[in-house]
Amino acid sequence: MRKLAILGASLLVLSVQPSFAQDAPTTPTDATATPAPAATPGSAVGSARTAPERRLTGADLFDLAIAADPQISPDGRHIAYVRRQNDIMTDRAVSSIWLIDTATGEETPLAGRQGGAFAPRWSPDGKRLAFASTEGGSAQLWVRWMAGGEAVRLTGLPTAPSSLAWAPDGRSLAYTMLVKDQGLKLGSAPANKPEGAKWAEPLEIRDLLAYRADGQGYIEPGFEKIFLVPATGGAPRQLTFGPYHDNGPLSWSRDGRTLYFAANRKTDWETDPLESEVHALDIASGRVTALTDRNGPDANPLVSPDGGKIAYLGFDDAGRAYENTHLYVMNADGSGRRNLTGDWDYSVDAIQWGDGGRAIYAQYDDRGETKVARIGLDGSVRDVAKGLSGGGMDRPYVGGSFTVSDGGAIAFTGGTATRPAEVQLARGGSARILTDLNRSLREVKSLGEVRKITTPSSHDGKTIEGWLTLPPGYVEGTKVPLILEIHGGPFQAYGPHFSTDNQLYAAGGYAVLSANPRGSTSYGEAFAQEIDKAYPGNDYFDLISIVDRAIALGIADPDALFVTGGSGGGVLTSWIVGKTNRFKAAVTQKPVINWTTQALTADGPAFFGRYWLGAQPWEKPELYWSLSPLSLVGNVETPTLVVVGAEDYRTPVSESEQYYTALRLRGVPTALVKIPGASHGGIAARPSQSAAKAAAILAWFAKYRQGWTRPAAPAAP
C-alpha cells in the first residue's frame with residue numbers, strides 16, 4: 001500500500017487519504033479522470049415540466065461543479081484552479097483548469113478541452129504553468145507558456161505522474177511515478193497450448209501484505225520513485241531506486257542541487273504503515289540521506305525561501321489511532337529541530353512558507369470549520385483565512401485547499417452550507433469570492449437552511465455539536481421527521497458545508513442532523529482520542545443526546561426518527577440499532593460489522609489491529625467481538641437496509657454481507673444494495689449512483705415510516 005503525500009491528522013482512518021481513514025470525501029481521482037471535451041450538465045437535456053422544480057432532486061447532481069486546488073501566481077495577479085463539473089454523458093466529474101485574473105475576476109479556460117486536466121503548478125517566475133492531463137489517453141505532464149498560450153506535452157509515461165515540483169531556475173520539473181516490477185513468479189501453465197485454444201487466465205499471485213487498495217484495486221508490483229524531466233521536453237531521468245516508496249510532495253533546495261522528500265526506506269515498511277522520515281536526495285550523485293529519525297511519521301518537507309530551513313509535518317507514534325499532526329522546523333542539514341505547534345491543540349493539514357520566510361501558513365480544522373493560520377517562527381499564531389470548504393459534495397465534511405502569493409495574498413476554496421466550494425481570495429483580513437460555478441442552480445433551487453445546535457452528552461457532560469439541515473420552507477414550531485446522519489472516519493468532522501445527501505433528504509421533508517460525537521477531529525487531541533481502543537462506545541451517548549436536543553427544540557418528531565451513516569457512520573448505525581429501538585428504520589452504509597474479518601481483509605492490515613484495537617484478533621478475540629456490531633445483532637428489531645460499493649476494499653463487501661445475512665436469519669426486514677463499480681471512497685463519485693443511493697435510502701425510510709413490529713410467533717399445535 002502506498003502512503004499518500006500529505007500527512008493527515010488521523011492515522012489510518014477506515015480510506016486512504018492523508019493518512020488512512022474509514023471514510024473520505026468523494027472527489028474523483030484526477031489521474032484516472034474520464035477524458036471528455038467538455039462536461040454536459042443535466043439541464044442541457046431539458047425537461048417537459050411546466051414549471052421549475054424548486055427543491056433539489058437527484059437529476060440536479062449533474063448540474064453541480066466545485067472548485068479545487070487553487071494555485072496563485074507568485075505575483076498574485078492570477079489564480080489557476082481545477083474546476084470539477086459533473087457530466088451527464090459520462091456520469092462522472094470532468095476536471096479542467098481555469099485561470100482567474102485577480103484584479104478583474106475574468107476567467108479563461110486553460111486546459112481540459114480534450115481530456116481531464118489537473119495539478120496546475122506555477123514556474124518560479126510565473127511565466128509558465130505545468131499541469132497533468134489525460135488528453136490523448138493516460139495522464140502526462142504538460143507545460144503552458146502563459147504569454148503565448150502554447151501548451152506542450154513533456155512526457156509519454158507508462159503510469160501517472162504526481163507531486164510536480166519546479167526547479168528554482170525553472171529548467172526542470174521533478175515528479176514521482178510508480179515504477180512497475182515483475183513481482184513474485186511461481187511456476188507456469190503447461191507450455192503445449194495448441195494454436196487457437198482458449199485457456200483460463202494465468203494464476204494471480206500476490207505477495208504484498210496490503211495487496212489491494214480502495215479506489216485503486218489490486219496493486220501492481222512496483223514502487224513510487226522520483227524523476228526529473230527538462231521543462232522544455234526531453235528524456236526523463238530516474239533519481240531514486242530501491243524496494244520502497246519515495247513519496248511526494250517534493251521540495252527543492254534553493255541552489256537546485258537537492259530534493260527533499262518523505263519515505264520509509266526501512267526493510268519493514270510493509271508492517272509499519274505510519275513510519276516515514278524526511279530525506280535529502282543529492283541530484284548529482286543520487287545519494288539519499290535521512291534528516292529525521294524518530295518513531296513516527298515525518299513528511300511534507302518544504303524548504304524556506306532562503307534555503308536555510310525545512311518545515312515539515314509529523315508526530316510521535318504512540319500506538320494510538322489518532323494523533324494531532326504538528327508543524328516542525330529544522331535546519332537544512334537536519335539539525336535544530338523544533339515543534340512550532342506543541343502548545344497548539346489543532347492538527348496541521350497543509351503548509352506553505354510566507355512573509356519571506358518569517359512565517360508558515362497552515363491549514364487546520366476548528367470545531368467543524370476549516371481555516372488558515374499564520375504561524376510565525378517566533379511562535380505567534382493568528383488566523384488569516386476562514387470558511388475553507390471542498391471536502392466533497394455528498395456530505396458536509398471539513399476540507400479545502402489554499403496557496404499564498406509572494407505578497408501574502410491567499411487563494412483558497414471556500415463555500416457555505418448552501419453553496420459548494422468556490423475560489424476565494426483573501427487579502428488584508430477580508431476575502432472575496434471570485435467564481436460562481438453553480439449560479440444557474442442557486443437562482444432556481446430552494447435549499448434547506450442549516451443551523452448549529454449543541455448539547456451536553458448524557459455520558460459525561462462534554463459539549464457535542466451538530467448541524468441541522470431543515471426542509472426548504474420550514475415553518476417554525478413544526479415537528480418534522482429527523483434523519484441522524486453520522487460521519488465516517490471516525491477521525492473526521494462535519495461542519496457547515498454543502499452536502500447533496502443532506503439537501504436531498506431535506507427536500508424529501510426531513511430534518512437532517514450531522515453531528516460530531518467524541519472521536520471527531522477539530523475539537524482537540526483529547527476529544528478525538530476518547531474512542532481510542534474503544535470504538536464504537538461512548539460516542540453512542542453523544543449521538544443520542546444530540547437527537548434528544550433536536551427533539552427538545554421542537555424540530556424533530558420523536559415518533560419519526562431515522563438513522564444512517566457511512567463507514568464509521570455505518571459502524572455506529574449498526575451499533576445504535578443494536579442498542580435501542582427508538583429509530584423507525586436505519587440504513588447502514590459500508591460498515592465494519594466484525595472487527596476480526598475487517599482487520600484481516602481490509603486494505604490496511606498493518607494498521608487496524610495494531611492501532612485501533614491494540615492487538616491482533618488472535619491475541620484479544622474478546623475485545624474484537626465486544627466492539628463488533630455483529631455482537632449486538634440479536635437485539636436488532638429495526639428495519640435496516642445495508643448499502644456498500646461493489647469494489648469496496650476499505651470496509652470490504654463481506655462486512656455488509658455478514659450483517660445482511662445475520663438480519664435475514666433473525667427475520668428483521670433488510671435488503672442488500674451493492675453499487676456497481678464503486679469503491680469505499682467513491683461510493684458517491686458518479687452522480688447517477690449518488691442520486692440513486694439517496695433515493696433508495698429515502699424509499700426505505702418511507703417504507704417503514706410507521707415502524708415495524710415482529711409478527712407473533714405461530715401458536716404451538
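Thr-573 is found in helix α5, where helices (H or I, at least four residues) and strands (E, at least two) are DSSP runs numbered from the N terminus. The model is a predicted one, in which local features need pLDDT of at least 70 and side-chain atom pairs count only at pLDDT 80 or more, while totals for chains, interfaces and linings use all residues. Residues are numbered from 1 along each chain as its sequence is written, and side-chain values use heavy atoms, with hydrogens and water left out.

With a relative accessible area of 1%, Thr-573 is buried, a term that means under 20% relative accessible area, as against over 50% for exposed and in between for partly exposed (1.4 Å probe, protein chains only). Leaving aside neighbours within four places in sequence, Thr-573 is in contact (heavy atoms within 4.5 Å) with Ile-486, Val-563, Thr-564, Gly-565, Ala-586, Val-587 and Thr-588. Because 11 of the 12 residues of α5 are buried, the helix is largely enclosed by the rest of the structure; among the buried residues are Gly-568, Leu-572 and Trp-575. The 12 residues of α5 (residues 568-579) should span 16 Å at 1.5 Å a residue, the expected span being 1.5 Å times one less than the number of residues, and this agrees with the 17 Å between the end C-alpha atoms.

Elsewhere, four strands form an open sheet in the order β15-β16-β17-β18, with antiparallel pairing, where two strands pair if DSSP finds at least two bridges between them. The edge strands, each pairing on one side only, are β15 (246-252) and β18 (288-290). Strand β17 (residues 277-282) pairs with β18 in the antiparallel sense over three bridges, and the bridge partner of Leu-281 in β18 is Val-288.
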